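Open the model in your viewer and keep the selection tool at hand.

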Amino acid sequence: MSVLSGYNDYFSKPRHRKVYLTVNTSPSTTFLANEYLVQESISLEEALYSDENIRFGACESSCLKLTISRETNIDFQDKWLGVSLSNDGDVGVLIDADGNEIIDSDGDTIVYQDGTSTTDTVLGLYKVVSVKPTKDRMYQDLTCYDSMYVILNANVADWYNSLTFPMSLKNFRDSFFTELGVTQVTATLVNDNFMIQGGFAVEDEISGKTIIEAICELNGVFGHITKDNKFEYISIPGSETVPLAYYQNGTCVYEDYVTDAFTGVIAYSEDGNVGDSVGTDTNPYLIQNNYLLWGSEGTQDIE
């Protein structure tokens, strides 16, 4: 919710704003001027879970789309973009991949806003997964995703087969993120002490999506990538609300709705029998086919 508040604060104040883009053109970093961007072409979509019915453990990648001039002469495919919104200011200069200052048509050096400025609103780091030229071929449409995309699409079969079971869920998740080179936001999860028995076999392939969503589901949380590119576990208290302070005079559509509270949790074992349950079955949340529970039936409780 702090991210939403940051966006609201940023757009509520009159100021000349610009988008601040950096491209990882390893071994160097290239700064892109706003002149290369098509006005109002940038969109950012992010959600904890976008389907109609809630499913704990869901991990969705945020999607950034923008249209940019082909005059940049940069091959954007698989590059990482750092994106922030900045107040316009004379801090530093824009340089190209060779370290030369970029000069505009009037002979003036193009300035950019320092990425470390306290006035910036950081939108995050995104990998370019699709580059498509526009019909006139003067521009290119970029579709980018945050680091969750890399996590979900990774094949972690070799990593899983190298593990020694039983091991705690905490050690399991720490090992998983070390394998992928992703930093976690420090958190203590309710079932971190659960001992995983390694009751399912993996041959050639298992996705990071299968692993991380199983971890999050067992702890009743969602996975999300923060704006500083870390994996965060998010729980949703029943009393949490979303402030819409700067939208009351706009065109935002609003609708009240009420959902029934979950009265219990039922976890099913591999063979379809109830492995563990808590609460009542009036309106239960069901955990089914969670691979991390396989082989542990009857050996320990889950919180």
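Bear in mind from the start that this is a predicted model. Begin by selecting Phe 172, and show what surrounds it: leaving aside neighbours within four places in sequence, Phe 172 is in contact with Trp 159, Tyr 160, Leu 163, Phe 165, Met 167, Ile 196, Ile 211, Ile 215 and Leu 292.

Now widen the view to the largest nonpolar core, which has 42 residues, and in which Ile 151, Phe 172, Ile 212 and Phe 231 have the most contacts. At least two residues of this core come from each of α2, α3, α4, α5, β10, β11 and β14, and the largest share, six residues, is supplied by α5. In soluble globular proteins, nonpolar side chains tend to be buried together.

Next, select helix α5, residues 208-218. The buried residues, which include Ile 211, Ile 212 and Ile 215, pack against α2, α3, α4, β10, β11 and β14. Just after the helix, look at Gly 220, which takes a positive phi of about 65 degrees.

Because Arg 55 lies in the loop between β3 and β4 while Glu 213 belongs to helix α5, the pair ties together parts that are 158 residues apart in sequence. Glu 213 counts as buried, at 12% relative accessibility, whereas Arg 55 is partly exposed, at 29%.

Move on to helix α4 and select Lys 170 and Asp 174, which form a salt bridge whose closest N and O atoms are 2.5 Å apart; being four residues apart in this helix, they are separated by about one helical turn. Then select Arg 173 and Asp 192, which form a salt bridge with closest N and O atoms 2.9 Å apart. This pair links helix α4 to the loop between α4 and β9.

Finish at the largest cavity, which holds about 50 Å³ of space. Strand β6 gives the most to its lining, with four residues, and the lining includes Leu 123, Tyr 126, Asp 146 and Lys 227.

Key. Residues are numbered from 1 along each chain as its sequence is written. This is a predicted model: local features need pLDDT of at least 70, side-chain atom pairs count only at pLDDT 80 or more; totals for chains, interfaces and linings use all residues. Side-chain values use heavy atoms; hydrogens and water are left out. A nonpolar core is a set of buried Ala, Val, Leu, Ile, Met, Phe, Trp, Tyr and Cys residues joined through side-chain atoms within 4.5 Å. Buried means under 20% relative accessible area, exposed over 50%, partly exposed in between (1.4 Å probe, protein chains only). Contact means heavy atoms within 4.5 Å. On a 1 Å grid over the protein atoms alone, a cavity is a set of points where a 1.4 Å probe fits but cannot get out, and a pocket is an open set with protein on both sides within 12 Å along at least five of seven lines; lining residues have an atom within 4 Å of a point. Grid points are joined across faces, edges and corners, and a volume is the space filled by probe spheres set on the points. A salt bridge is a side-chain nitrogen of Lys or Arg within 4 Å of a carboxyl oxygen of Asp or Glu.
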